[in-house]
Amino acid sequence: MSYEISKTAGKLERSHIRAVMEHGFGKDGVIPLWFGESDEPTPEFIKEAGKAAIDANFTTYPPSAGLPILRQAISRYMTELYGAQISDEQITVAASGMQGVMLSFQCLLNPGDKVKIIGPIWPNAANAARLLGADVSSFLLDRDEEGRWSLNLERLFSDCDAGCRLLYINSPNNPTGWVATREELAAILEYCRNRGIWLVCDDVYGRMVYEGNSAPSVAEIMTAEDQVILLNSFSKAWNMTGWRLGWITAPPEIGLSLARMTEFNISGAAPFIQKAGQAAIEQGEEFIRANRAALKQRRDLVCKGLSAFSRVSIALPEAAFYAYFSVRDVEDPFAYAIDILDKTGVGIVPGSAFAHDGPYFRMCFACSPGLLSEALARLEPHLNR
């Protein structure tokens, strides 16, 4: 039977990340490096906080904007991390970073509004904007002969035409591991101020940097009145992918609208999960430091292995937990990823999943060194000839 659904929803393309996963899911011996998540569990102190919250009956409807105690904890965390005053009035709790994206877009976008997204990038942000009827276009990072990624500001600004409503930047970037400098972010903020463009910054990988304690953020230089929204999530830095919890930092004046959007979507994030998030924010620094050190070792292992393969070009990512590399003599990256999965049992995803043409692939390295070494050994005959 054929059903009529929203024309916009019907036009959304299937995610190539999901397509690769579904092809390999449940098969014996598969090494699943397709999703962006660690193979290690959520830290015990976070799990215990969630359990204790259930026992304390944090199981009823929460305020739509989030539990005040969590919003206050997030504002303290951001103020200390970025050295800039962030008030709890600027914070809205979301049921995941992805929901934060959708809530923000629901508040800001009208059908036909032009959105510019810096890519390559995780596909969900662009599709969320398209679902609301926005006119979405990508601006790609540059890549040099050695595989390093960079942003051409002059070209970006000339690419944002007069009707641009919103500019979306993900730094640190998924999939490339590129990180915007403070100078670049300051220039982008000033440009958006002058043009009246909303700047939406996806900071989800902000703590997963391999130099320093956090990546540069617009939070360090913006004012509470700027047309800036910062998006963040508990998923990556605290190994909480399945908990579904994030937050939005926005001008206080649109906080009521964000709360209303939350009410109309899900009423509010589960309160016992919010209490677990509070524990992560307040007690998680030691875990973040240890996790970052472990990920750096895994990054070095994977990138050294891949760079030794004759068909591969890769540079060390500055942040996040992905190796994003090109493979010579590949005509159809999606078909090649499926072929690699069938022949080696290693699940990697093609650059087409990130609106990126060409022979590019992403491998998540947030798993044990033994598993990564096994993946490299399986890939070697196919990438080194």
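Guide: Strand β7 (residues 164-170) and strand β8 (residues 198-202) pair in the parallel sense over five bridges; two strands count as paired if DSSP finds at least two bridges between them. Strands (E, at least two residues) and helices (H or I, at least four) are DSSP runs, numbered from the N terminus. Within this pairing, Tyr168 stands opposite Val200 in β8.

This is a predicted model, in which local features need pLDDT of at least 70 and side-chain atom pairs count only at pLDDT 80 or more, while totals for chains, interfaces and linings use all residues. Residues are numbered from 1 along each chain as its sequence is written, and side-chain values use heavy atoms, with hydrogens and water left out.

The two strands belong to an open sheet of seven strands with mixed pairing, in the order β2-β10-β9-β8-β7-β3-β4. At its edges stand β2 (91-94) and β4 (135-140); each has a single partner strand, so one side of each is left without a neighbour in the sheet. On average, neighbouring strands of this sheet are turned by 20 degrees against each other, direction ignored.

Helix α8 (residues 182-195) lies across β7, β8 and β9 (228-233), where contact means heavy atoms within 4.5 Å. Helix α8 runs at about 165 degrees to β7. Such angles run from 0 to 180 degrees between N-to-C directions, and axes are lines fitted to C-alpha atoms, for helices over the stretch in contact.
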